[in-house]
Amino acid sequence: MINFNVRINSGSLIQDTLSIFYPSLCAACDDLLVRGEDLICTKCLIQLPRTAFHLDEHNPVAKQFWGKVNLEAATAYFHFHKGELVQQLVHKLKYQNSPEVGVRMGMLCGADLLGSSQYASADMVIPVPLHPKKQRIRGYNQAACFGEGLATAMGILHLPKAIKRKKHTDTQTKKSRFARFKNVAEVFLIRNPDELRGKKILLVDDVITTGSTLTACAKILLELEGVKVLVVSMAFAEK
């Protein structure tokens, strides 16, 4: 009689078997992930172009808002360049039904922001809203995915429905700086102002170009008594 003194971890065995037929790929480079890697491979995590803007109050993102709206601070986690890893991540988040990419990036960003007293003292995270029509088509708000991860990592509230978009606007992609601002003027409203008064808010979006949408949202938040606003985005597309 053979005595099999071998203990098998059934969970690991099933996972390994499934990975043969349904391999997990890196969201940034599409290479195979190895055990222990989560959504993004170690190589890409090292190579992703972090900005460290949260440690510099005069950074390029903050300067985008100077003279437009009175923010406490502004930052973006990554540099965005066409054809590179961050564009791949943003594309998957927005167009390939991958909300988990936003959550993962938010978790990474939130962990870094805890190293800044300015950002670490925030009370809540509020994402820039999508119009309900566009959200129904996409299935989720990509900024809210990023905000979810951010709030989780920082241990603060996430209020994805705090700001409502009153009307659908044209895409911002090919508009000039002035046209972008005009396109989003007076399209937002706050649902429950009382829960925001006196709070320090992280207002988040996926990618900053001109900052017009964030400016419009920040302005209505700052109309509330005692509110302070800091802007955080997943990436900054420098021109």
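What percentage of the 239 residues in the chain do buried residues make up? They make up 47%, where buried means under 20% relative accessible area, exposed means over 50% and partly exposed lies in between, with a 1.4 Å probe and protein chains only.

Before I go on, a word on what we're looking at. This is a predicted model, where local features need pLDDT of at least 70, side-chain atom pairs count only at pLDDT 80 or more, and totals for chains, interfaces and linings use all residues. Residues are numbered from 1 along each chain as its sequence is written, and side-chain values use heavy atoms, with hydrogens and water left out.

Okay, the parts list. The chain has 10 helices and 7 strands; these are DSSP runs numbered from the N terminus, with helices (H or I) of at least four residues and strands (E) of at least two. Now contacts, meaning heavy atoms within 4.5 Å. Take the contacts in the chain with a separation of 6 or more: 75% of them are between residues 24 or more positions apart.

Let's go to the sheet. It's an open one of 5 strands, in the order E1-E7-E6-E2-E3, with parallel pairing. Two strands pair if DSSP finds at least two bridges between them. Who stands at the edges? That would be E1 and strand E3 (157-158), each with a single partner strand, so one side of each has no neighbour in the sheet.

Further in, E6 and E7 pair in the parallel sense over 8 bridges, and Ile208 sits opposite Phe236 in E7. E2 and E6 also run parallel, joined by 4 bridges, with Ile126 opposite Leu203 in E6. And how many of the 9 residues of E6 are buried? The count is 9 of the 9, so E6 is largely enclosed by the rest of the structure.

Now the helices lying on that sheet. H8 lies across strand E2 (124-127), E3, E6 and E7, and runs at about 135 degrees to E6. H5 lies across E1 and E7, at about 130 degrees to E1. For those angles, axes are lines fitted to C-alpha atoms, for helices over the stretch in contact, and the angles run from 0 to 180 degrees between N-to-C directions.

The buried residues of H5 include Val101, Met105, Leu108 and Cys109. Here's a handy bit of background: an α-helix has 3.6 residues a turn, so residues three or four places apart point the same way. What covers the buried residues of H5? The cover includes H2, E1, H4, helix H6 (117-120), H8 and E7.

That brings us to the cores. A nonpolar core is a set of buried Ala, Val, Leu, Ile, Met, Phe, Trp, Tyr and Cys residues joined through side-chain atoms within 4.5 Å. The largest has 41 residues, and those with the most contacts inside it are Ile40, Leu89, Met105, Leu150, Leu202 and Val232. Among the elements giving two or more residues to this core are H2, helix H4 (85-95), helix H5 (99-113) and helix H8 (142-154). Apart from it lies another core, of 32 residues, including Val128, Leu159, Phe188 and Ile208. Back to Leu202: leaving out residues up to four places away in sequence, Leu202 touches Tyr119, Met124, Leu150 and Val232, among others.

Next, rings. There are 2 aromatic pairs in the structure. Rings of Phe, Tyr and Trp (its six-membered ring) pair if their centres lie within 6.5 Å, with planes under 30 degrees apart stacked, over 60 edge-to-face and the rest tilted. Phe53 and Phe236 are edge-to-face, 6.5 Å centre to centre with 65 degrees between the planes. They sit 183 residues apart, Phe53 in the loop between helix H2 (42-47) and helix H3 (60-65), Phe236 in strand E7 (residues 228-237). Phe53 is buried at 9%, and Phe236 is buried too, at 5%. The other pair, Tyr77 and Phe78, has ring centres 4.5 Å apart and planes at 55 degrees, so it's tilted.

Ala52, in the loop between H2 and H3, has a positive phi of about 60 degrees although it's not a glycine. Ala52 is partly exposed, at 40%. Asn97, in the loop between H4 and H5, also has a positive phi, near 55 degrees, and counts as exposed at 58%.
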